[in-house]
Amino acid sequence: MIVITAPTGDIGTQVTEQILTSGKPFRVIARDPSRLPTQIKECGDIVEGSHRDRETLERAFDGATRLFWLVPSDPAATDAEAAYVGFSEAAAQLLPSSGITHVVSISALGRGWPDDAGHASASIRMDDMLKATGVNYAALACASLMSNVLRQADSIRETGTFCYPANADLKLRHVAPEDVAQVSVRLLLDGSWSGVHEVPMIGPEELTFIRMARILSGVVGHAVNYVEISMAEMKEAMLQSGASEGMALAMIEMLKAKNAGLDQTAVRTAEDIANSPTNFRTWAEKRFA
Ligand SMILES: NC(=O)c1ccc[n+]([C@@H]2O[C@H](COP(=O)([O-])OP(=O)(O)OC[C@H]3O[C@@H](n4cnc5c(N)ncnc54)[C@H](OP(=O)(O)O)[C@@H]3O)[C@@H](O)[C@H]2O)c1
């Protein structure tokens, strides 16, 4: 039995669909099962609740052997420690006495970065807590998800702009959620691996935001321009949209670290390229259609 968290999210939906196709028994944890596709409701076990909660996890872990772990973003959390490590504490307490042998988790690049990189560092501390439970553990260490630009889909459509607090010439790595889901599923279905692994998910290219804007222009059929904003403007926008001071600060710490090369610390191997082959144009053509 494979337990899947966040099955209504971007990555989680794709993981769930692929596990369904594999024919392996699965169980999803969903706060609102009515949001699940009919086929998932018909073919899988459903545990209603949040995977933050001990009681929900006790029901979900019963008889299960593998776990897909994705912590949702929680802009209202006190800080990144609460959002990632705090959110995962009940799982860490229950895993040792559960039958779960393999955990595949969604995490971030940045292990070994000398400063606190906000969300990224908190994700890595979450990994450290979960892997200390003794399970076989694979953390998919993601660069920025390509889907981040979807948060600005309205602005791209209506004003032809998207903004970010990064120098227009800076090349950054982006990975398609589709690739993250595919590697997650491969690891969930293959019980032959053991130990603790970090799998860099870094995408096939390094792109400036100007280049991404040009690609988006071609995809959406009108001019799209990149607008550089300051870190202070980014933080203010987060606060305005309901983020706590701690979470806004954690985002700024991570973005500063990314601008300083956080995602570039992972060396791109042939295996990494094979794991995340989807380029930004291919992803955008599919998602902006
Ligand atoms: N964005 C990046 O650049 C980046 C980079 C590296 C790593 N990551 C990681 O990638 C993950 C984001 O993946 P995604 O884009 O697939 O997420 P997503 O689409 O935002 O989905 C989030 C999921 O979490 C569920 N959820 C929300 N609040 C919840 C709660 N309190 N308890 C339980 N479930 C809750 C949502 O479902 P319902 O609302 O239906 O309950 C939804 O299924 C995060 O772990 C993030 O740290 C992101």
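Which strand do three bridges join to strand 1, and in which sense do the two run? Select strand 1 (2-4) and strand 4 (residues 66-69): three bridges join them, and they run parallel. Strands here are DSSP runs (E, at least two residues), helices are DSSP runs too (H or I, at least four residues), and both are numbered from the N terminus. Two strands count as paired if DSSP finds at least two bridges between them.

Before you click further, this is a predicted model: local features need pLDDT of at least 70, side-chain atom pairs count only at pLDDT 80 or more, and totals for chains, interfaces and linings use all residues. Numbering starts from 1 along each chain as its sequence is written, and side-chain values use heavy atoms, with hydrogens and water left out.

**Stop 1**

Pick I4 and look across to strand 4, where its bridge partner is F68.

**Stop 2**

Select T5, in the loop between strand 1 and helix 1. T5 is buried, with a relative accessible area of 0%; buried means under 20%, exposed over 50%, and partly exposed in between (1.4 Å probe, protein chains only). Show the T5 side chain and you'll find a polar atom 2.8 Å from the backbone oxygen of F68. A polar atom of the T5 side chain also lies 2.9 Å from the backbone nitrogen of L70. For a polar contact, the cut-off is a pair of N or O atoms within 3.5 Å; within protein, one must be able to donate a hydrogen and the other to accept it, and residues adjacent in sequence count only if both atoms are side-chain atoms.

Step to A6, in the loop between strand 1 and helix 1. Check its phi: about 50°, so positive, although A6 is not a glycine. At 17% relative accessibility, A6 counts as buried.

**Stop 3: the ligand**

Now centre on the ligand. How many residues surround the ligand, and which are the closest? There are 21, the closest being T8, R31, R35, S50 and V71; a residue is in this shell if one of its heavy atoms lies within 4 Å. The shell divides into eleven nonpolar, seven polar and three charged residues.

- D10: a backbone N or O atom lies 2.8 Å from an oxygen atom of the ligand.
- V71: a polar backbone atom is 2.6 Å from an oxygen atom of the ligand.
- N148: a polar side-chain atom lies 2.8 Å from a nitrogen atom of the ligand.

Taken alone the ligand exposes 950 Å², and the protein buries 78% of that (Shrake-Rupley areas, 1.4 Å probe).

**Stop 4**

Three strands form an open sheet in the order 7-9-11, with mixed pairing. Strand 7 and strand 11 (206-207) are its edges, each pairing on one side only. Strand 7 and strand 9 (residues 172-175) pair in the parallel sense over two bridges. There, S144 stands opposite H174.

**Stop 5: the nonpolar core**

Next, select F162, F209, L216, Y226, F280, W283 and F288. Of the 37 residues in the largest nonpolar core, these touch the most other members. Such a core is a set of buried Ala, Val, Leu, Ile, Met, Phe, Trp, Tyr and Cys residues joined through side-chain atoms within 4.5 Å. Helix 10 gives the most to this core, with six residues.

**Stop 6: both ends of helix 10**

S244 lies in the loop between helix 9 and helix 10. S244 is buried at 16%, and a polar atom of its side chain lies 3.4 Å from the backbone oxygen of T78.

Finish at T265, in the loop between helix 10 and helix 11 (270-275). T265 is partly exposed, with a relative accessible area of 46%. Its side chain has a polar atom 2.7 Å from the backbone oxygen of L262. The C-alpha atoms of T265 and R111 are separated by 8.8 Å, with the two residues 154 apart along the chain.

Technical notes. Nonpolar A, V, L, I, M, F, W, Y, C, P; charged D, E, K, R; others polar.
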